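Visitor: I would like to go through one model feature by feature. Please give the rule first and then the case.

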Amino acid sequence: MLETLPADDADLATLVRPARRWVPKHVLVTRSAAELEHGQQIIARCTAAGVQDIRLLDGDRLTGLRGGTEREVYARAKQTLAVVVAPPSALRPQPIPPSADWRLDLAKGCPAHCQYCYLAGSLQGPPITRVYANLDDVLAPIPSLAGQGTVTTGDALRGGEGTTFELSCYTDPLGIESVTGSLSSAIARVGRGEYGDGVSLRFTTKFDDVAPLLDLPHDGRTRVRLSVNSAAVSRRFEGGTASVSARITALRDLARAGYPVGLTVAPVMPLPGWQDDYAALLREVAAALPADVDLTVELITHRFTEASRAVLLSWYPRTLLDLDDAGRSAKRSKFGGTKYVYPAPLMREMRTWFEREVDATLPQARVLYWT
Ligand code: SF4
């Protein structure tokens, strides 16, 4: 990320340093959110974290997000947490293959600065983080969906996880946990069986502050995956996240605390020397984890759409990310648009390499999918 910034832009440079714990500079709380207990708990957490600018709004509309230049809007948005009530449309769980049966959103938006961010094509407006104060409503559909789903429910390989609910489609839930508490609450409630048996949560993260999760009554019903990448990809394209080594240490701590864990290797990019780089990553993971760990691996190659490319280039105009569709294959996405993926021969080469190397280096791991 720093490669995209003028050297004198101290504010933006500060934003993208490796972060263990994110604390927003600005917190906006809608009127409806302030009336809910979880909303009040988020305000208390932000106050305790030292946030000076906490504004309780008169109504439920978020305004004033767009003042200044595009860079100023971006920088301010990434430092802003909005505490809102999820609208009914955000409360209807959607299928989310190949990760999980269903998607649940604790929040929308992420304070980190990854230049390939997969959220770019799906979030509207300045990239603030909206956390949902009506957490009870977000989690309420879980029991009625138990036993329903087409990804893990009834699947020979993954059926042991029951009906699965993915928490990290639109946010990095651990990245905002210290000021929201939503993730710990969801893990503990599902772990205590408040939503019945046969259901489990899963999320992936690029942060490492897992201490609040270690003593929760998770009952093995949440699989935590750490999103990792080669040193070259992480160094060039990730900002404001924990370092990859810190994420691997966090993975070890979660495994020791009895969580089923996983690696999300994403986005896989065939940069020069990629085999050596990814082999080193897998070796570092193998050295950190106990031999009997319940470990899964998800492998996701880099892709983009016209919409996500436009947004990413507006956020990171000097990025070195390969967003040229000339070297890609166009595929129809499940949402009807076009996504650009690596050509089939390269995909085959990378897939074969990864499956062989994971098998050799992490023999206890199950590869769930390659995409
Ligand atoms: Fe996007 Fe994930 Fe990076 Fe956050 S951590 S900016 S969600 S890629």
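Visitor: Which residue in β9 is the bridge partner of Phe165?

Guide: Strands here are DSSP E runs of at least two residues, helices are H or I runs of at least four, and both are numbered from the N terminus. Two strands count as paired if DSSP finds at least two bridges between them. In β9, Leu201 is the bridge partner of Phe165. The strands β8 (residues 163-166) and β9 pair in the parallel sense, over four bridges. The model is predicted, so local features need pLDDT of at least 70 and side-chain atom pairs count only at pLDDT 80 or more, while totals for chains, interfaces and linings use all residues. Residues are numbered from 1 along each chain as its sequence is written, and side-chain values use heavy atoms, with hydrogens and water left out.

Visitor: How many bridges join β9 to strand β10?

Guide: Five bridges join β9 to β10 (residues 222-228), and the two run parallel. Arg202 stands opposite Arg223 in β10.

Visitor: How many residues of strand β9 are buried?

Guide: Buried means under 20% relative accessible area, exposed means over 50%, and partly exposed lies in between, using a 1.4 Å probe and protein chains only. Seven of the seven residues of β9 (residues 199-205) are buried, so this strand is largely enclosed by the rest of the structure. Val199, Leu201, Phe203 and Thr205 cover one side, and Ser200, Arg202 and Thr204 the other.

Visitor: What is the order of the eight strands in the open sheet?

Guide: The order is β4-β5-β8-β9-β10-β11-β12-β16, with mixed pairing. The edges are β4 (94-96) and β16 (365-370); each has a single partner strand, so one side of each is left without a neighbour in the sheet. From one strand to the next, the twist averages 30 degrees. Inside this order, β11 (residues 261-268) and β12 (residues 295-301) run parallel and are joined by six bridges, with Val297 in β12 as the bridge partner of Leu263.

Visitor: And the three strands that form an open sheet, in which order do they stand?

Guide: The order is β13-β15-β14, and the pairing is antiparallel. Each of β13 (304-305) and β14 (329-332) has a single partner strand, so one side of each is left without a neighbour in the sheet. Four bridges join β14 to β15 (residues 338-341), and Ser329 stands opposite Val341 in β15.

Visitor: At what angle do helix α11 and helix α12 pack?

Guide: Axes are lines fitted to C-alpha atoms, for helices over the stretch in contact, and angles run from 0 to 180 degrees between N-to-C directions. Helices α11 (residues 244-256) and α12 (residues 274-288) pack at about 35 degrees, with their axes 9 Å apart. Contact means heavy atoms within 4.5 Å. Val244, Ser245, Ile248, Leu251 and Arg252 in α11 meet Leu281, Glu284, Val285 and Ala288 in α12. α12 also lies across β10 and β11, running at about 165 degrees to β11.

Visitor: Which strands does α14 lie across?

Guide: α14 lies across β11, β12 and β16, at about 170 degrees to β16. Glu357 is found in this helix, α14 (residues 344-361), and is buried because its relative accessible area is 19%. Not counting residues up to four places away in sequence, Glu357 touches Ala279, Leu282 and Leu362.

Visitor: Which backbone values deserve a check?

Guide: Most residues other than glycine have a negative phi, and most peptide bonds are trans. Here, the peptide bond from Pro97 to Pro98 is cis, with omega near 0 degrees; Pro98 has its place in the loop between β4 and β5 (100-103). The bond from Ala266 to Pro267 is cis too, with omega near -10 degrees, and Pro267 is found in strand β11. Asp219 is not a glycine, yet has a positive phi of about 55 degrees; Asp219 lies in the loop between α9 (211-214) and β10.

Visitor: Which residues surround the ligand?

Guide: A residue is near a molecule or strand if one of its heavy atoms lies within 4 Å of it. The ligand is surrounded by Cys110, Ala112, His113, Cys114, Tyr116, Cys117, Tyr118, Leu119, Asp172 and Lys206. For classes, Ala, Val, Leu, Ile, Met, Phe, Trp, Tyr, Cys and Pro count as nonpolar, Asp, Glu, Lys and Arg as charged, and the others, Gly among them, as polar. The shell divides into seven nonpolar, one polar and two charged residues.
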